[in-house]
Amino acid sequence: MKMARENAANNPLKMRNRITRLDHAYSDEKLIMIKNPPMPPGLPILVEDYQFAQPDSKLIVQWKQALVDLDFVQNLDEAEFQWQRMVKVDEKFLLDHLYMIVDAKGNLACSAGLWPYKEVKNGMRLHWVFTVPAHQHKGLARSAVQKCCYEFGKEFKNQPIYLSTQASSWPAIVLYESEGFEPYTPTPQAKQAWDQARKQILQGEQIQI
């Protein structure tokens, strides 16, 4: 499996368009992954001209637009709904745990956050991990995931972190696995979902996840 993932990651022609937005040729059924401690011991180093930033009104507007551009939602109304849904749960937690990466002009390039995972007692998960299309293929998503895991490890010591994904995000799954996440299959239904996703991607992309 490791060799197959590396081959896919080293083939830019194969990965270029897949990472830009969801690949709806594949299932959107929920797949859960888990990363057990230890978490990264330090902050990631960003490529030149990028830096981490706290959410502000400008970046939040750009965050919503990115959801549309990446086909996560169909329009800005849906993006606003997703944002307000989190705000209503806990706005302070949302803003304190949303890690944005901006370019030299201060525009949003990448984003990832931490959010409660209700399916597990006191669980936390990665949430809304994405890179704006114009800034992809620079390792920003990896840095954002590492930033989340580092901050999680400081605040929630000796606990696993989870994430929810789907076969339509198979390049992201390759990234998550390279950062130590594994399929989480506590039930037969969860195992079946992963088996089906693996079968789809192996048939469609000739790689294993």
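User: What share of the residues is buried?
Analyst: This is a predicted model. In it, buried residues make up 48% of the 209 residues in the protein. The accessible surface comes to about 11,200 Å², and 50% of that surface belongs to carbon and sulfur atoms.

User: How many helices and strands does the protein have?
Analyst: The secondary structure comes to seven helices and seven strands. Along the sequence they follow the pattern α-α-β-β-α-α-β-β-β-α-β-α-β-α.

User: And what part of the contacts is between residues 24 or more positions apart?
Analyst: Among contacts with a separation of 6 or more, such residues account for 69%.

User: Next, the core. Which residues touch the most other members of the largest nonpolar core?
Analyst: That core has 61 residues, and those touching the most other members are Trp 63, Trp 83, Leu 114, Leu 126, Phe 130, Val 145 and Phe 181. Helix α5 gives the most to this core, with seven residues. Apart from it lies another core of five residues, among them Ile 32, Ile 34, Tyr 117 and Tyr 162. As a general point, nonpolar side chains in soluble globular proteins tend to be buried together.

User: What is Leu 114 in contact with?
Analyst: Leaving aside neighbours within four places in sequence, Leu 114 is in contact with Phe 93, His 97, Tyr 99, Met 124, Arg 125, Leu 126, Cys 148, Phe 152 and Ile 161.

User: Changing topic: how many aromatic pairs are there?
Analyst: A search of the whole structure finds ten aromatic pairs. One of them joins Trp 63 and Trp 83, with 5.1 Å from centre to centre and 65° between the planes, an edge-to-face arrangement. This pair links distant parts of the chain, since Trp 63 is in helix α3 (residues 57-69) and Trp 83 is in helix α4 (residues 76-96), 20 residues apart.

User: Is Trp 63 buried or exposed?
Analyst: Trp 63 has a relative accessibility of 1%, so it counts as buried, the cut-off being under 20%. Trp 83 is also buried, with a relative accessible area of 5%.

User: Why is the pair of Trp 63 and Phe 130 called tilted?
Analyst: The ring centres of Trp 63 and Phe 130 are 6.3 Å apart and their planes meet at 55°, so the pair is tilted. An angle over 60 degrees would count as edge-to-face, and one under 30 as stacked. Here too distant parts of the chain are linked: Trp 63 belongs to helix α3 and Phe 130 to strand β5 (residues 123-131), 67 residues apart. Phe 130 is buried, at 3% relative accessible area.

User: Which residues do the ring pairs link into a cluster?
Analyst: The cluster consists of Trp 63, Phe 72, Trp 83, Trp 128 and Phe 130.

User: Back to α5. What should its 16 residues span?
Analyst: At 1.5 Å a residue, they should span 22 Å, and the end C-alpha atoms are 23 Å apart, which agrees. The buried residues of α5 include Leu 140, Val 145, Lys 147 and Phe 152. Lys 147 lies over the face of Phe 52, 5.2 Å from the ring centre.

User: What does Leu 140 touch?
Analyst: Not counting residues up to four places away in sequence, Leu 140 touches Leu 46, Val 47, Tyr 50, Ile 101, Ala 109, Cys 110, Thr 131 and His 135. Leu 140 and Tyr 50 are 90 residues apart in sequence, with 8.8 Å between their C-alpha atoms. Leu 140 lies in helix α5 (residues 140-155), and its relative accessibility of 2% counts as buried.

Notes. Residues are numbered from 1 along each chain as its sequence is written. This is a predicted model: local features need pLDDT of at least 70, side-chain atom pairs count only at pLDDT 80 or more; totals for chains, interfaces and linings use all residues. Side-chain values use heavy atoms; hydrogens and water are left out. Rings of Phe, Tyr and Trp (its six-membered ring) pair if their centres lie within 6.5 Å; planes under 30 degrees apart count as stacked, over 60 as edge-to-face and the rest as tilted. Helices (H or I, at least four residues) and strands (E, at least two) are DSSP runs, numbered from the N terminus. Buried means under 20% relative accessible area, exposed over 50%, partly exposed in between (1.4 Å probe, protein chains only). A charge sits over a ring if NZ of Lys or CZ of Arg is within 6 Å of the ring centre and within 35 degrees of the ring normal. Contact means heavy atoms within 4.5 Å. The expected span of a helix is 1.5 Å times one less than its number of residues. Accessible areas come from the Shrake-Rupley method with a 1.4 Å probe; for residues, only the protein chains shown count as cover. A nonpolar core is a set of buried Ala, Val, Leu, Ile, Met, Phe, Trp, Tyr and Cys residues joined through side-chain atoms within 4.5 Å.
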